[in-house]
Amino acid sequence: MPSRLSWQEGAEKVYKLLHRHQYFLILTFRFYYGLRNVTPFAVGSAHVPRLRFFVLNLIGAIVWAVSFASAGYLFGEAFKLFIDDYHSYGAVCPRRSGAHRIAIWLIMLIRHRRHARRAGLAAKKTAFDA
């Protein structure tokens, strides 16, 4: 089954929503994934007056553009603050990563020695059993 709605299924869903919540649907259809492409065609074929669609669509487009631009700006500012903090603590990070590398190296060395010891004991055991 495809993950996206087919045009017919999407149009049927839009028609149901359009008859119940015409103004709200036209204002907010840009925010609905999967219905964004079908809605203008369904609204046009449902004989919604052009002026009503134009005004509501314009308001919805402005709200959508402002909200997404604001969200992008805020996430960009948060990322900028994160990068500034990363650069100010950059001198500490290499020391920590060096300590982590040494700890990982020690763990691997201990595991390797345990594995070699077990392999040696298993070889001795098979030699005595034979």
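**Aromatic pairs and the nonpolar core**

Modeller: The structure holds 3 aromatic pairs. This is a predicted model, in which local features need pLDDT of at least 70 and side-chain atom pairs count only at pLDDT 80 or more, while totals for chains, interfaces and linings use all residues. Residues are numbered from 1 along each chain as its sequence is written, and side-chain values use heavy atoms, with hydrogens and water left out.

Biologist: Why is the pair of tryptophan 64 and phenylalanine 68 called tilted?

Modeller: Rings of Phe, Tyr and Trp (its six-membered ring) pair if their centres lie within 6.5 Å; planes under 30 degrees apart are stacked, over 60 edge-to-face, and the rest tilted. Here the centres are 4.9 Å apart and the planes stand at 35°, so the pair is tilted. Phe31, Trp64 and Phe68 form one aromatic cluster.

Biologist: What makes tryptophan 64 partly exposed?

Modeller: Buried means under 20% relative accessible area and exposed over 50%, with partly exposed in between (1.4 Å probe, protein chains only). Tryptophan 64 has 30%, and is therefore partly exposed. Phenylalanine 68, at 48%, is likewise partly exposed.

Biologist: Which residues make up the largest nonpolar core?

Modeller: A nonpolar core is a set of buried Ala, Val, Leu, Ile, Met, Phe, Trp, Tyr and Cys residues joined through side-chain atoms within 4.5 Å. The largest has 11 residues: Ala11, Val14, Leu18, Leu25, Ile26, Leu35, Val38, Ala42, Val43, Val48 and Leu56.

Biologist: What does valine 48 contact beyond its neighbours within four places in sequence?

Modeller: Contact means heavy atoms within 4.5 Å. Valine 48 is in contact with Leu18, Gln22, Ile26, Val43 and Phe53.
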